Amino acid sequence: MSTASAPGKVILFGEHAVVYGRPALAVPVMQVQADAQADWVTNEHVGEFWADSVLVQAPDIGLFSPLSRLLADQPPHPLGAVISATLQCLGIVRPSAALTVTVTSTIPVASGLGSGAAVSVAIIRALAGLFERPLTDEQVNQIAYDIEKLHHGTPSGIDNTVITYAKPVYFVRGEPIQPFDVARPFTLLIADTGISAPTRESVADVRKLWQADKSRWEAVFDQVAEIVQKARKAIESGKTARLGPLMDANHALLQEMTVSSPQLDRLVVAAKTSGADGAKLSGGGRGGNMIALVQSERAESVASALKAAGAKNTILTDIR
Ligand code: PMV
């Protein structure tokens, strides 16, 4: 048997502009994680078609299926696609006995916490462990990115990257990742609007805006890039108090890009008026999560204010 886990993630700064080559900062959220277990099943009938002999179980979403059925979906189910891509990468043409892959996750689905990429990374590592063929982080990241592409159109790759490396990263599309150090830990409250909003749609809408007026939106993305650079410096030098106003400024630019929503804005205002030092939406927007920078002693009262303003769930996390 082999097991592996992968954390969730939040984007601190730079979402959407990152699709246009600007940098973004993202951090792992260790308080939520996906777990995968790969196991041999002895005395089990090994089907004619090898993929009939791999059973995939995800009790959280009521999924119990042979791999072959997941691969028959169009596009293939992400759990099936990642298992198949991993076996291929490991050089396993046909497992010689029946296999089960079991996945559980505490990461809310479709809320911008990277549940899809976390599940992929956990499965890839569990399978590599079972077959005793270790993969490099680069290989894990590549498979997870291929699966993201299958299901999210034109992802920048930030989710799979921060989740694979499980470190804060400075990310520029197509460039080698740059993990960075957090000189002084800081605390974030993540609040879920409870609204699942496909990132694919908000990304497509921003693209329409950009196509209609490239010079205006390139200038907006440049402003985001400047915020990201300042934020990275603040985090690396321990000047975390500077992050609050930078989050507010980034949120205003995301509002301009039309990717906020009344619910997200209500949570941002609630966080700020109850004592957060800064707040913004995080990820694709329109729904999903917002993040607020809080002093730990204020975390409880800000969390109550967020709940009163409609948050379905809050997660308190230290970034270090
Ligand atoms: O919703 P999330 O956390 O998957 O974030 C999407 C981030 C975007 O910049 C909007 C898209 C991308 O591919 O980077």
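Guide: Let's start at V182, which sits in the loop between β7 (178–179) and β8. Element names here are DSSP runs, numbered from the N terminus: helices are H or I with at least four residues, strands are E with at least two. Before going on, a word on the source: this is a predicted model, where local features need pLDDT of at least 70 and side-chain atom pairs count only at pLDDT 80 or more, while totals for chains, interfaces and linings use all residues. Residues are numbered from 1 along each chain as its sequence is written, and side-chain values use heavy atoms, with hydrogens and water left out.

V182 is buried, with a relative accessible area of 16%; buried means under 20%, exposed over 50%, and partly exposed in between, using a 1.4 Å probe and protein chains only. Leaving out residues up to four places away in sequence, V182 touches P168, I235, I319 and R320, where contact means heavy atoms within 4.5 Å. A309, on the other hand, is 127 residues from V182 in sequence and 31 Å away in space, C-alpha to C-alpha.

Two strands pair if DSSP finds at least two bridges between them. Zooming in, β8 (residues 186–192) and β10 (residues 289–294) pair antiparallel over six bridges, and T187 stands opposite V294 in β10.

R286, in the loop between β9 and β10, has a positive phi near 70° although it is a residue other than glycine; at 25% relative accessibility it counts as partly exposed. T258, in the loop between α8 (243–256) and α9, also has a positive phi, near 70°, and is partly exposed at 37%.

Last stop, helix α4 (residues 137–152): its 16 residues reach 22 Å from first C-alpha to last, close to the expected 22 Å, which is 1.5 Å times one less than the number of residues. Its buried residues are V140, N141, I143, A144, Y145, I147 and E148, covered by elements including α2 (78–90), α3 (115–130) and α5 (158–165). After α4 comes G153, with a positive phi near 75°.

α4 also gives the most to the lining of the second largest pocket, with four residues. A pocket is an open set of points on a 1 Å grid over the protein atoms alone, with protein on both sides within 12 Å along at least five of seven lines, and lining residues have an atom within 4 Å of a point. About 260 Å³ of space lies in this pocket, the volume being the space filled by probe spheres set on the points, which are joined across faces, edges and corners. Of its 15 lining residues, the closest to the centre are N141, Q142, T161, F171 and E175.

Definitions and conventions. 1 Å grid on protein atoms, 1.4 Å probe; cavity = no way out; pocket = protein on both sides within 12 Å on 5 of 7 lines; lining within 4 Å.
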